[in-house]
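Work through the exercises below with the sequence and the model side by side, and try each task before reading its solution.

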Amino acid sequence: ILIGFPPNMSKPLPFDAEQTGLKDRIVIKFSHVVAENTPKGLAAERFAKLVRERLSDRVEVQVYPNGILYSDKHELDALSRGDIQMVAPSFSNLTNAFPSWGVLDLPFAFPSQQAVDEALQGEIGEQLLAELTDANMAGISFWHNGFKQMTSAQRPLIHPSDFTGQTFRILPSKVVEEQFHALGAQTAMMPFTEVYRSVVNGDVEGQENTISNIYSKRIYQVQRYMTISNHGYLGYTVIVNQSFWEGLPADIRSELEQILAETAQWNRGLAQQLNHEQLDEIKKSGIVNIHQLSAEERDEWIKALAQVYIQMEQEIGAPLLAQIKELGQ
Ligand code: LMR
């Protein structure tokens with residue numbers, strides 16, 4: 001085996017960035033935790049592709065999926081330090097730093113995708129985004145994933161009492177924690193990258209997530225029961241480091257904003273399609289027993305979870321809570 005260069009062979013010339021025009025190329029590192037064949041994974045790739053097509057000599061987007069660079073626990077800190085320039089955490093992942101974002105985690109807050117859109121594009125979204133700027137972050141757009149479903153290795157989750165005594169993996173969200181407590185369950189908070197292993201090891205009996213996350217991380221293969229409950233919504237905020245963003249040349253920034261707006265639009269349809277197709281794949285596999293929550297069962301859950309709204313009023317703030325309640329009616 002030859003190590004190094006043979007003595008009579010000249011070393012390759014160092015990469016001449018100046019000559020290739022890449023010296024001043026702006027690099028945007030985009031770190032996320034999900035698989036590539038998901039609404040977020042594909043939207044990140046789409047964004048990178050459009051940037052390559054329209055700004056190739058000036059901006060390069062590098063996408064790091066599956067938490068290979070940072071887990072969701074560390075990506076926001078990495079963004080504020082400027083180690084990465086763009087992230088798209090799920091709303092729940094913002095609630096530690098910004099408790100009012102918990103409003104989007106409230107169980108059965110959204111009767112439909114349309115209600116989600118109304119909240120994000122209206123006053124609620126505006127208020128929430130304004131909070132990020134205090135922490136040198138700018139929320140540029142919202143990306144969709146979908147409604148969350150419940151899974152368990154232990155028993156079918158049909159009535160609230162079925163949750164008793166089981167431990168569920170949760171995101172770092174007080175609202176989601178209270179949601180499971182109201183159902184008589186215990187919780188274990190952990191990053192997304194640890195969910196599969198924890199389920200396999202039996203550290204948790206169950207979890208909640210979107211179909212696309214349950215499918216792409218093969219969680220359905222290690223759970224026995226899944227309830228299509230649509231009890232909560234999982235979406236993303238595309239966030240940039242504000243100083244970095246404002247330091248960009250104005251023409252580049254506005255082109256990037258335009259591309260991100262197009263990507264958000266594209267992601268909306270894709271998210272619904274993927275969740276739909278991947279549910280079919282899960283059904284076809286025959287591995288997991290699927291229960292569709294009936295209207296009566298849904299009412300039982302809503303009744304059991306009503307206390308979460310009261311418990312979280314202070315954390316979220318009464319006016320925001322009132323707005324979300326209005327939307328759900
Ligand atoms: C999770 O941790 O379950 C989600 O936030 C993962 C994601 O980013 O969709």
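**Exercise 1: the chain as a whole**

Task: Find what share of the contacts in the protein chain with a separation of 6 or more comes from residues 24 or more positions apart, and explain why the radius of gyration agrees with a compact globule.

Solution: In this predicted model, residues 24 or more positions apart account for 78% of the contacts with a separation of 6 or more. The next step is the radius of gyration: because a compact globule of 329 residues would have a value near 20 Å, the 22 Å of the protein chain agrees with it. Finally, the secondary structure amounts to 13 helices and 9 strands, and 40% of the residues count as buried.

**Exercise 2: helix H10**

Task: Compare the span of H10 with the expected value, and state what its buried residues pack against.

Solution: H10 runs over residues 250-285 and reaches 50 Å from its first C-alpha to its last, close to the expected 52 Å. Its buried residues, among them Leu-256 and Ile-259, pack against helix H2, strand S4, strand S7, helix H8 and S8. After H10 comes Gly-286, whose phi is positive, near 70°.

Note on methods
Residues are numbered from 1 along each chain as its sequence is written. This is a predicted model: local features need pLDDT of at least 70, side-chain atom pairs count only at pLDDT 80 or more; totals for chains, interfaces and linings use all residues. Helices (H or I, at least four residues) and strands (E, at least two) are DSSP runs, numbered from the N terminus. The expected span of a helix is 1.5 Å times one less than its number of residues. A residue is buried if 20 or more other C-beta atoms lie within 10 Å of its own, exposed if 12 or fewer, and partly exposed in between; C-beta atoms are placed from the backbone. Two residues are in contact if their C-beta atoms, placed from the backbone, lie within 7 Å. The radius of gyration is taken over C-alpha atoms; the globule rule is 2.2 Å times the number of residues to the power 0.38.
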